[in-house]
Amino acid sequence: MAVARAFLCLAFWLGTLLPGPVHALDRTQLAVIVNTLDPLSVRIGEYYTRQRQISFQNVIRVSFPPGGTMLTREEFEAIKAQIDKQTMPEVQAYALTWAAPYRVECMSITAALAFGFDIAFCADGCKPTQPSPYFNSPSRLPAAQLRMRPAMAIAATSFEQAKALIDRGVQSDGSMPIATAYLLSTSDKARNARSSAYPQVEAMLKKSRMPVRRLEQDSLTDQSDVLFYFTGIVNVEGLDTLRFVPGAIADHLTSAGGMLTDSDQMSALRWLEAGATGSYGTVIEPCNMPQKFPHPGLVIARYLQGETLIEAYWKSVMMPGQGIFVGEPLAAPFRRPAPAR
């Protein structure tokens, strides 16, 4: 537990010392991966590329039977070969257009796409995994500088849900929302592992003049200004009473939130369906190691500096091998317009 607390505090201070980004990822650096055998994936891909004005050269088409939640290593590597062949050199990140499969054996599909399948990013029991070189990194070009491409799933079980998610992401760009960060310490001691970092996060947000509410309760209800919501519990109650602002990030530390379509715990998809624009969950038992979940201070600090959702979220997880990132990758509420020439 002492190691976990030290990690949370150290990562927070490192994050606040970093300078603001020179630039964030843009649409020319994102490739959209579509499964041509999955009608919903195709439809999501078509809508997303149109809304984000992504070039046809950055649309990657793969073909595999839809519906399953897990790919074997062999199945994944065959798909990855198709992806690698179609990836343009300037691409720095990937957007997937499906909710399942969400897993490649012991890795999440977003981690497997980022790093390739590698057993070092897996763990049997309560053990650490290979850390990500992208964690708390100043890199703006992860493919060129770190030899990895972060991935995020535009995950939904219906086109209507996907459309709403994409629209929120686009709407969020440069919106500079005046909203609140909610940090909940719950009665679930095992899943409340990130709460020791909350005082430092609160101190950081006071400097940024963003409202923050650090609460000791199991759920949040009847709030209309939610930009960040971090908690630790199996099932989050009261989501239908909240209003998330466009670009909002929310997740809950629990074992199976990344089992998007068949979890016996609350799926990360419930956050997106409630109005969040990004979320995260683990696809296989991680234990309650905070290094395997988003660090609230880091994701908030980087988002406020103008990074995109995919950058800020990925850079906040030290050991992302077992976790899947879901949402609209290019959402950037605090991106400032480029200076006029």
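This is a predicted model: local features need pLDDT of at least 70, side-chain atom pairs count only at pLDDT 80 or more; totals for chains, interfaces and linings use all residues.

**Entry 1: overall build**

I began with the radius of gyration: a compact globule of 341 residues would come out near 20 Å, and the protein chain has 18 Å, which agrees. Along the principal axes, I read a C-alpha trace of about 55 × 45 × 40 Å. I then went through the secondary structure and listed 10 helices and 13 strands in the protein chain.

Next came burial: 60% of the 341 residues count as buried.

**Entry 2: disulfides**

How many disulfides does a search of the whole structure find? I got two. In sequence order, the bonded cysteines of the protein chain pair 1-2, 3-4.

Cys-106 and Cys-122 make one of the links, with 1.9 Å from S to S. I put this link down as right-handed, at 70° about the S-S bond. Cys-106 sits in the loop between β5 and β6 (107-108) and Cys-122 in the loop between α4 (109-115) and α5 (142-146), 16 residues apart, and the pair links distant parts of the chain. I found both Cys-106 and Cys-122 buried.

Cys-126 is joined to Cys-287, again with an S to S distance of 1.9 Å. Here the torsion about the S-S bond is about -80°, so I noted this disulfide as left-handed. Cys-126 is in the loop between α4 and α5, while Cys-287 is in the loop between β12 (278-282) and α9 (296-304), so this link ties together parts 161 residues apart in sequence. Are its two ends buried or exposed? Cys-126 counts as exposed at 58% relative accessibility, whereas Cys-287 counts as buried at 16%.

**Entry 3: aromatic rings**

My search of the whole structure gave 14 aromatic pairs. I looked at Phe-64 and Trp-98, an edge-to-face pair with centres 5.4 Å apart and 80° between the planes. Phe-64 belongs to the loop between β2 (59-62) and β3 (70-71) and Trp-98 to the loop between β4 (93-96) and β5 (103-104), so the pair ties together parts 34 residues apart in sequence. I found Phe-64 and Trp-98 buried.

I turned next to Tyr-313 and Phe-325: their ring centres are 5.8 Å apart and the planes meet at 70°, so I filed the pair as edge-to-face. Tyr-313 is in helix α10 (residues 309-314) and Phe-325 in strand β13 (residues 323-327), so parts 12 residues apart in sequence are tied together. Tyr-313 counts as buried at 0% relative accessibility, and Phe-325 is buried with a relative accessible area of 0%. I also found these two in one aromatic cluster with Phe-115, Phe-121, Tyr-280, Phe-293 and Trp-314.

**Entry 4: a serine**

I finished with Ser-185, which I located in strand β8 (residues 180-185). Ser-185 has a relative accessible area of 16%, so I marked it as buried. Leaving out residues up to four places away in sequence, I listed Asn-192, Ser-195, Tyr-198, Leu-215, Glu-216 and Gln-217 as the residues Ser-185 touches.

How values were computed
Residues are numbered from 1 along each chain as its sequence is written. Side-chain values use heavy atoms; hydrogens and water are left out. Helices (H or I, at least four residues) and strands (E, at least two) are DSSP runs, numbered from the N terminus. Buried means under 20% relative accessible area, exposed over 50%, partly exposed in between (1.4 Å probe, protein chains only). Contact means heavy atoms within 4.5 Å. Rings of Phe, Tyr and Trp (its six-membered ring) pair if their centres lie within 6.5 Å; planes under 30 degrees apart count as stacked, over 60 as edge-to-face and the rest as tilted. The radius of gyration is taken over C-alpha atoms; the globule rule is 2.2 Å times the number of residues to the power 0.38. A disulfide is a pair of cysteine sulfur atoms within 2.5 Å.
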